[in-house]
Amino acid sequence: MKKKVLVSCATVRDIGGISSSLLNLLNIISGKYDVTLCVLTGNISPKVHIPDNITVIKPSKMFRWCFSDFEVLRQLSFFEKLVMLFWRVLRKAIGTKRMIPLVLSRVSLNDTFDTALAFCNDLYDNGRQVIGGDYYFVANRVESHLKIAYIHNDVRQLGFTPELCGQMYEKFDFVANVSYACKDIYDEMMPEHKVSKSVVLYNMYNIASIKEGADDYDAQLDASKLNFVTVCRLVEQQKKVSRVLKTCKRLKDEGISNFKWTVVGYGPDEEYYLRLVKEYNISDVIEFTGLKKNPYPYMKSADVFVLPSLYEGLSMTMCEALIVGTPVLATCFKASEEVVTDGRNGMLCANSSDGVYCAVKKIIENPELLKEWKRYVLNNPVTNDEALHQFESICIKGIRVV
């Protein structure tokens, strides 16, 4: 009999690392285990495909009314909009942390699972919870022999404290960090969990699908120029796309224009970046494409994939670029060092605007570096071997591995 696995993820989007890693995981484990996906808000982007053999449940309309993005308003009746407004006002009055137990208090799945995964981590701002649901739901409303909570980023950036971690993870068997860098930070905050609960659980990749998608269409990049590509959500606080724009300006001011930079993605800071493009007068060397359901042709056609982030848990886009055969230039932080071996499959640079500029200029002046990196990437393909071993040991057998 197949093991029964519940995966809880409050919302399934068509962009973002958490949703991408969730879909990859579901595609890889769906045939091997009896998988149930719980979507607390009920919101699944129409642009994503959940494997047919996965049971999807949406257990709470109240949670949907309280925590769905406002874009779902278009799908609601007039009465539901009024109800949603009521619950939003109540949520604002009593706070997210109190609201989550209230709207989930009567939820019962009437089933017992072998493993339950709280896939999307909470988020706090100065001690105030702003995002969450999966942790509470799995810890308190799910019957399971094994419970695991994911952490997808630096716990300090998520607003966690030792007190919060002690409360959140009390009912979980394991706390799964998506990189060794994340685990080190978590272990520093919660040393009492270091040898009991804290583990590393790498994200998986649908490698065949990514490679197939990379040939889906022609990205139409100018082959006569050196092509840099960045794929990310446009959020300046973390992704630091302003570093890309400043680099383009400095290079152009120096008379260097034999390159083109393409930024794929969308987000709340898109208009800010477009204003900077106009202010810097760099529209001839950089292009923002907006959201692309399939960004892989851009990654494959690029000479270099660039990640300018201030921090990441473990950037999936770096690994996806390597999967399609493209070297990576990334700012240096602990998690990027787990993916990029400096001088082998790409380059690590100082985590600053100046660091990105200096690295890009070095590549432009030494294009032979790209041939060496490309050869290494093609001869050392990305696999899911380690991630699968971690998942089966930790999530299925309950054996702690690090």
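Which residues does Thr-289 touch, not counting residues up to four places away in sequence? In this predicted model, Thr-289 touches Thr-262, Val-263, Val-264, Gly-265 and Tyr-298. Thr-289 is found in strand E14, which covers residues 286-290. Its relative accessibility is 19%, and because buried means under 20%, Thr-289 counts as buried.

The pairings can be followed strand by strand. Strand E12 (residues 226-231) runs parallel to strand E13 (residues 259-264), and six bridges join them. Asn-227 has Lys-260 of E13 as its bridge partner.

E12 and E15 pair in the parallel sense over two bridges, and the bridge partner of Phe-228 in E15 is Val-304. E15 in turn pairs with strand E16 (residues 328-331), again in the parallel sense, over three bridges. Here Leu-307 has Ala-330 of E16 as its bridge partner.

Which residues of strand E15 point one way, and which the other way? In a regular strand the side chains alternate between the two faces of the sheet. In strand E15 (residues 304-307), Val-304 and Val-306 point one way, Phe-305 and Leu-307 point the other way, and all are buried.

Helix H10 also has a helix as a partner. The axes of H10 and helix H11 (residues 270-280) come within 10 Å and cross at roughly 10°. Angles under 35 degrees count as roughly parallel, so H10 is roughly parallel to H11. H10 contributes Ser-242, Leu-245, Lys-246 and Lys-249 to the contact, and H11 contributes Tyr-273, Leu-276, Val-277 and Tyr-280. By class, the contact of H10 with H11 has five nonpolar, one polar and two charged residues. In the loop between helix H9 (236-239) and helix H10 (242-253) is Lys-240. Lys-240 has a positive phi of about 55° although it is not a glycine.

There is another sheet to consider. Seven strands form this open sheet in the order E5-E3-E1-E6-E9-E10-E11, with parallel pairing. Strand E5 (55-57) and strand E11 (198-200) are the edge strands, each pairing on one side only. Neighbouring strands of this sheet are turned by 25° against each other on average, direction ignored. Strand E1 (residues 4-8) pairs with strand E6 (residues 112-118) in the parallel sense over four bridges. Val-5 has Thr-115 of E6 as its bridge partner.

Helix H7 (residues 180-189) lies across E9, strand E10 (174-177) and E11, running at about 170° to E11. Helix H5 (residues 134-141) lies across E1, strand E3 (34-38), E6 and strand E9 (143-151), and runs at about 160° to E9.

What covers the buried residues of H5? Those buried residues are Asp-134, Tyr-135, Phe-137, Val-138 and Ala-139. Their cover includes E1, E3, H4, E6, E9 and helix H6 (162-168).

Helix H4 (residues 96-104) packs against H5 at an angle of about 45°, with their axes 10 Å apart. H4 and H5 are therefore oblique to each other. H4 passes H5 in a right-handed crossing. Ile-100, Pro-101 and Leu-104 of H4 make the contact with Tyr-136, Phe-137 and Arg-141 of H5. By class, this contact has five nonpolar, no polar and one charged residues.

The loop between H4 and E6 holds Asn-110. Asn-110 has a positive phi of about 55° although it is not a glycine. Is Asn-110 buried or exposed? With a relative accessible area of 73%, Asn-110 is exposed.

How values were computed. Residues are numbered from 1 along each chain as its sequence is written. This is a predicted model: local features need pLDDT of at least 70, side-chain atom pairs count only at pLDDT 80 or more; totals for chains, interfaces and linings use all residues. Side-chain values use heavy atoms; hydrogens and water are left out. Two strands pair if DSSP finds at least two bridges between them. Axes are lines fitted to C-alpha atoms, for helices over the stretch in contact, and angles run from 0 to 180 degrees between N-to-C directions. Contact means heavy atoms within 4.5 Å. Angles under 35 degrees count as roughly parallel, over 145 as roughly antiparallel, 65 to 115 as roughly perpendicular and the rest as oblique. A crossing is left-handed if the near helix is turned anticlockwise from the far one by less than a right angle, and right-handed if clockwise. Ala, Val, Leu, Ile, Met, Phe, Trp, Tyr, Cys and Pro count as nonpolar, Asp, Glu, Lys and Arg as charged, and the others, Gly among them, as polar. Buried means under 20% relative accessible area, exposed over 50%, partly exposed in between (1.4 Å probe, protein chains only).
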